[in-house]
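Subject: Structure handover and notes

Dear colleague,

I am handing over the structure we spoke about, and my notes on what was found in it follow below. Please read them with the structure open beside you.

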Amino acid sequence: MDIKERAGFTSKFGVIAAAAGSAVGLGNIWRFPYVAGENGGGAFLLIYLLFILAIGVPVMLSEFTIGRKAQRNTLGAFRKLAPRSGWSIIGVMGIIAAFVILAFYSTIAGWTLEYIVKAVSNSFQGKNTDILFENFKSQTFFPLLWQFIFMILTATIVFMGVQKGIERYTKILMPLLLLLIIAMCIRSLTLEGSMEGVKFLFNPDFSKITFNVILEALGQAAFSLSIGMGALITYGSYIQKDNHLPNTAIQVATADTVIAVLAGVMIFPAVFALGMDPQSGPGLVFEVLPKLFMQMPMGYLFSILFFVLLAVAALTSTVSLLEVVVAYFSEELNMSRTKATIISTSMIWFFGIFATLSFSSLKDFTLFDLTIFDSLDYVSANILLPLGALLIVIFLGWKFGKRQTYLETTNEQSIPFKLFRVFFFIVKFIAPIAIVFIFLNSLGLFRFLQS
Ligand code: TRP
């Protein structure tokens, strides 16, 4: 495809909006609290923040660099920058990861739609919200229907084109989501007994740190920033040549991290104040938040607004995932965008059925003691994404090289990038070594060092 034909983001803010839209999603508000809750809270948060800064931001910048330089989809990018070599395996893995993540992500995204309806019909009032949630997720028909509707919404936006579809909405809706979360944090913090939750989130208990916790923190950092599978390579290919990539990466990561930490401040004080279990897993936010709304002035209005905005945040994330597959199908396999969208959406929807049914009819069918849903969730965040991130930094550091990276990140030396040396050192040495070390340890290979 001719480069001039590629539609790009029209404004600087459009890029940030789309990349932040990809990053901010269920990963921040649904996944972060539940994974932090299962992994000990404060200590997890500390390691998570360290990974965002030391590994996440450099990987994000690496992806933008590769994408903008190549002007291609994930797989096409490696084919172009390293022709006839094995590097395109990164692209293949990315496309597989997009399938896996979308399959289970759309389950939870579907739940947000059900919760919009519940909020509008005032269904939380006077109900036991745990039972309400249990009853819903164990059904077959409605969870599948909502997942299907969510996939259709995603496909519609991808079909309209990422630029037009996203730029316009995220500008207004993301800041609104932030305000709403802040209001909910205030309510959560003023509940009686909320201090226990604050302690849980901010007091690091280092005895809780194991290599599995470290791997979970790395996986969550990657998942939340949307790195490790080429979503940001694909978006990077739409970024204008005069964009300051390092600044964009920092802004996107900051927005994402602020929202994740605030989501923690919204959830954990309420969890403890309302006597709930921080380790209750993927259902955590859906059980806690309705209780919080019932204790808020104008809770009815808040609950509707919140679930609508959560659905929108999820949508801007699913769009970035589907775009990876559609850009690949249309550019590499020469399909029309329409055909590419229809085919990829149908395939992902089919896989997604198994994720959704993990909560009902397939509940007892497990792999490695995890349901299908949990396996997809675990494998994508903790294995596929860190592995993808590892290969991406190795590619940039050792194959693409210092000179080209410097030229691309400084827009051919027209803008300064003061921390370039630090960035490149991390990309070339620190990040790869850290990721390999974490992997080997969590596989138990260095167990003798731990005792
Ligand atoms: N980051 C998104 C979230 O936090 C999910 C997501 C979108 C994602 N695109 C991605 C995760 C690409 C990994 C890779 O909800």
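E134 is partly exposed, with a relative accessible area of 37%, where buried means under 20% relative accessible area, exposed means over 50%, and partly exposed lies in between (1.4 Å probe, protein chains only). E134 forms a salt bridge with K137, and the closest N and O atoms are 3.5 Å apart; the term salt bridge stands for a side-chain nitrogen of Lys or Arg within 4 Å of a carboxyl oxygen of Asp or Glu. About one helical turn separates these two, because they are 3 residues apart in helix α6 (residues 129–137), and K137, at 17% relative accessibility, counts as buried. Helices here are DSSP runs (H or I, at least four residues), numbered from the N terminus.

Before going further, please note that this is a predicted model, in which local features need pLDDT of at least 70 and side-chain atom pairs count only at pLDDT 80 or more, while totals for chains, interfaces and linings use all residues. Residues are numbered from 1 along each chain as its sequence is written, and side-chain values use heavy atoms, with hydrogens and water left out.

The structure holds 10 salt bridges. One of them joins the side chains of E332 and R79, at 2.9 Å from N to O; since E332 belongs to helix α14 and R79 to helix α4 (residues 74–81), this pair ties together parts that are 253 residues apart in sequence. E332 is partly exposed at 21% relative accessible area, and R79 is likewise partly exposed, at 41%.

Leaving aside neighbours within four places in sequence, M266 is in contact (heavy atoms within 4.5 Å) with I29, I181, M184, C185, S188, L289, L292 and F306.
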